[in-house]
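Subject: Structure for your review

Dear colleague,

Please find below the sequence and structure that I am handing over to you. My findings follow directly after them.

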Amino acid sequence: MTKATISRRDFLKFGAASVGALAVGQMLSPMVAKAAKDSGVLNAAGDGIISTMCEMCVWRCGVLAKIKEGRVVKLDGNPEHPHSRGNLCPRGQSGLMNTYDPDRVLTPLIRVGQRGEGKFREATWEEALDLVASKMTEIKNKYGAEAMVFSSTHNLSQPLFENLLYAFGSPNYGTQRSLCFNAMIVANLMTYGMEEPARIYDDKLKYILLTGRNLLEAISTSETSDLSHAIDRGAKVVYLDPRYTKTASKATEWLPIKPGNDLAFHLALLNIIIGENLYNKSFVEKNTIGFDELKKEVSRYTPEWAAPLTGIPAETITRIAHEFADAAPHALAHNGWRTSNFINSFHTQRAISILNALVGNWDVVLKEAGGEESGTLGAPPQPAYPRVSALRLDGVPWKYPVVPFKIGVFQELRDNIVSGDPYQAHGWFISRQNPIMSLPDRGKTLEAFGKLDFIVTVDIVLNDTAWFSDVVLPEASYLERYDPLLPVGDKVFLRQPVIEPQGEAKSALWIYKQLGERLGLGDFFQYEDEEDYLRQQLAPLGVSLEEVKVKGYAEAPETPHAAEAAEKNWNTPSGKIELYSDTLAKVGFPGVPTWEEPPQPAEGEFYLLTGKVATSTQFGTQNNQLLHKYSDDPRLWINAKTAASLGLVDEDWVEVNSSVGQIHTRLLVTQAIRPDCLYMTPGYGHISKGLKTAFGVGASDSTVHVTFTDPISGGQALSQTFVTIKKA
């Protein structure tokens with residue numbers, strides 16, 4: 001297929017309508033058009049607006065798809081949706097090119113060459129699904145169900161993916177969470193008994209301590225808006241990050257902390273707040289346990305001790321502790337999703353959670369989050385899952401006893417496919433995920449692929465993982481399909497097709513049902529089609545799917561707000577916030593946050609940092625032509641003084657080496673990073689030639705990242721990779 005491109009002039013001249021005209025299949029199909037006209041959403045000319053939800057990231061904002069003369073011409077944010085509030089980020093606005101990407105896979109593919117050659121033949125769905133089912137059954141019969149590994153990035157069709165996984169009988173489930181926020185989730189579970197409290201950005205919020213998370217370029221678009229408005233209202237933001245990000249540019253104070261030492265900073269804050277009696281005594285007495293153990297541990301972590309470790313003066317640490325306590329309870333220590341990304345990050349996250357508890361800010365700036373799962377929705381009936389006795393390859397719980405099963409340790413799963421310990425995996429089913437790009441040490445991931453008899457991928461394009469797969473099943477894009485409903489607050493939102501799927505692409509609801517039936521697991525997929533599934537979900541609400549299609553949502557009872565903090569029963573073993581965790585102590589881990597010395601680069605080495613940018617979503621949007629056109633060229637950041645000392649100048653090509661790999665990339669010389677650090681934007685360096693826009697652009701951080709895993713939470717310590725750099 002000839003690659004279509006868009007000039008900047010054409011884009012500005014013709015707007016989004018010109019984008020839609022690039023690809024075949026942009027016209028509304030008769031089925032969608034008729035349904036929309038019958039419901040009054042479109043007029044006789046085919047003009048109007050259809051409500052759906054974005055999937056350019058996992059935040060799932062509400063979308064209003066504008067239709068003009070039968071074409072989707074623009075995507076806007078739905079003001080009725082709490083995540084979008086009438087706005088869309090650059091990724092959301094570029095969603096048309098996700099659907100109309102000229103590199104879309106539109107028919108099932110079966111590999112005919114060697115893995116990685118990119119040689120596939122087209123197949124019918126019947127042939128492809130029969131082949132997948134037969135290979136999975138063959139592996140199960142020969143080696144046991146545990147020899148099939150399943151992995152997926154979190155998405156709305158996750159319940160159906162999990163039905164396939166658990167009904168098949170495999171314990172091996174890989175999610176992306178250990179690459180992102182395991183430390184935060186497990187720390188909050190051990191402290192509050194919940195994965196992540198919700199944050200309250202009202203006009204009373206005075207002080208925000210934000211560690212490591214570049215929130216103004218993150219995927220949490222509604223929280224980004226909340227933070228921006230809080231700054232406008234005068235809230236003070238103290239931001240810790242070795243790099244001067246866009247968030248740093250809007251913060252009141254930027255502290256370029258030394259990587260791996262944000263733990264020391266937060267331990268020193270606890271030292272001051274406890275040692276100088278700045279904490280909320282009544283809240284601590286009523287709602288927490290373990291204060292004495294915590295007080296004893298942090299008594300040695302003075303600001304003077306932390307200063308040389310963090311690179312932040314003791315007076316600054318002391319001042320911030322006092323400012324935070326003075327602003328409490330209208331002060332928020334933000335957990336972020338990742339802090340320093342070192343193996344001590346779990347203790348950092350525990351310290352942050354405990355800092356909030358000490359100042360008693362519950363139901364002031366923190367509250368219990370409403371989950372996406374809702375007891376108000378129905379579901380198709382299904383039998384109990386078969387009992388599984390095999391060990392998990394990722395070490396949960398036999399190596400990682402406090403990591404929840406549904407989260408897991410993805411990089412450990414990959415490592416044990418390579419090692420064959422405690423047994424050898426033989427197949428991998430991958431949906432909406434790209435482990436070749438996302439997991440550290442790409443060479444080891446490719447080695448793991450080489451150990452497997454069969455790999456199947458569900459996606460809309462030939463990403464790097466699909467490029468190395470045996471079968472590729474083409475999923476419909478988010479503008480072409482239904483997904484299960486999404487409860488948010490007092491509403492339940494619908495993702496619905498605004499065009500019919502192009503080619504032979506199908507929804508995940510259809511794919512998993514068809515495959516489940518071929519595997520003899522049809523009882524776990526008791527719905528006739530996508531709309532039948534949605535009607536079963538809506539049944540308890542007493543509303544029809546036709547009504548929901550028009551509005552884009554249904555009203556649903558909101559989850560009752562948590563009780564007042566003084567009366568709350570926390571979901572922990574003690575029923576209270578656990579400053580000291582007996583659960584951790586019983587499995588051999590410190591019960592309170594404890595200092596763990598992070599490793600440091602040797603002479604001539606640098607910390608390698610990665611992070612978010614506003615025009616990319618991890619590893620999945622680099623082939624989007626609009627985002628590509630308006631993204632900065634990926635370059636390696638280096639401090640200006642460091643560059644001068646090495647004889648390097650801006651735009652130089654450099655060679656970067658770690659213990660596991662080597663890359664070549666161009667330099668960006670800047671003052672906006674610590675002299676001991678380098679930074680590269682993740683998601684580039686694709687090796688799939690099926691991605692004509694992204695192929696060959698930039699370098700892959702996964703090539704050089706070394707695998708280090710936090711022994712408590714199972715989180716991947718990305719920033720613990722040390723590299724050398726020289727002119728190429």
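I begin with helix H14, whose buried residues pack against H11 and H15. These buried residues are Pro303, Ala306, Ala307, Leu309 and Thr310, where buried means under 20% relative accessible area, exposed over 50% and partly exposed in between, with a 1.4 Å probe and protein chains only. Helices (H or I, at least four residues) and strands (E, at least two) are DSSP runs numbered from the N terminus.

As to provenance, this is a predicted model, in which local features need pLDDT of at least 70 and side-chain atom pairs count only at pLDDT 80 or more, while totals for chains, interfaces and linings use all residues. Residues are numbered from 1 along each chain as its sequence is written, and side-chain values use heavy atoms, with hydrogens and water left out.

Helix packing

H14 (residues 303-310) packs on H15 (residues 314-327) at an angle of about 115°, with the axes 8 Å apart; axes are lines fitted to C-alpha atoms, for helices over the stretch in contact, and angles run from 0 to 180 degrees between N-to-C directions. On the H14 side, the contact (heavy atoms within 4.5 Å) is made by Pro303, Glu304, Ala306, Ala307 and Thr310, and on the H15 side by Ala314, Ile317 and Thr318. By class, this contact has 5 nonpolar, 2 polar and 1 charged residues; Ala, Val, Leu, Ile, Met, Phe, Trp, Tyr, Cys and Pro count as nonpolar, Asp, Glu, Lys and Arg as charged, and the others, Gly among them, as polar. After H14 comes glycine 311, with a positive phi near 80°.

The axes of H6 (residues 125-143) and H21 (residues 508-518) come within 9 Å and cross at roughly 55°. H6 and H21 are therefore oblique to each other, since angles under 35 degrees count as roughly parallel, over 145 as roughly antiparallel, 65 to 115 as roughly perpendicular and the rest as oblique. Their crossing is right-handed. H6 contributes Trp125, Glu126, Leu129, Asp130, Val132, Ala133 and Met136 to the contact, and H21 contributes Trp510, Ile511, Gln514, Leu515 and Arg518. This contact comprises 8 nonpolar, 1 polar and 3 charged residues.

Nonpolar cores

The largest nonpolar core has 65 residues, of which Phe265, Leu294, Phe324 and Leu358 touch the most other members. A nonpolar core is a set of buried Ala, Val, Leu, Ile, Met, Phe, Trp, Tyr and Cys residues joined through side-chain atoms within 4.5 Å. Helix H11 (residues 262-275) gives the most to this core, with 10 residues. Not counting residues up to four places away in sequence, phenylalanine 265 touches Leu209, Leu240, Leu255, Ile257, Thr310, Ile312, Ile317 and Ile320. A second, separate core of 37 residues includes Met148, Leu473, Phe525 and Tyr533.

Individual residues

Leucine 227, in helix H9, is buried, with a relative accessible area of 2%. Beyond its neighbours within four places in sequence, leucine 227 is in contact with Tyr201, Ile208, Leu210, Leu215, Leu216 and Val237.

Serine 220 lies in the loop between strand S9 (207-211) and helix H9 (221-232), and counts as buried at 1% relative accessibility.

Yours sincerely

Technical notes: Left-handed = near helix turned anticlockwise from the far one by under 90°.
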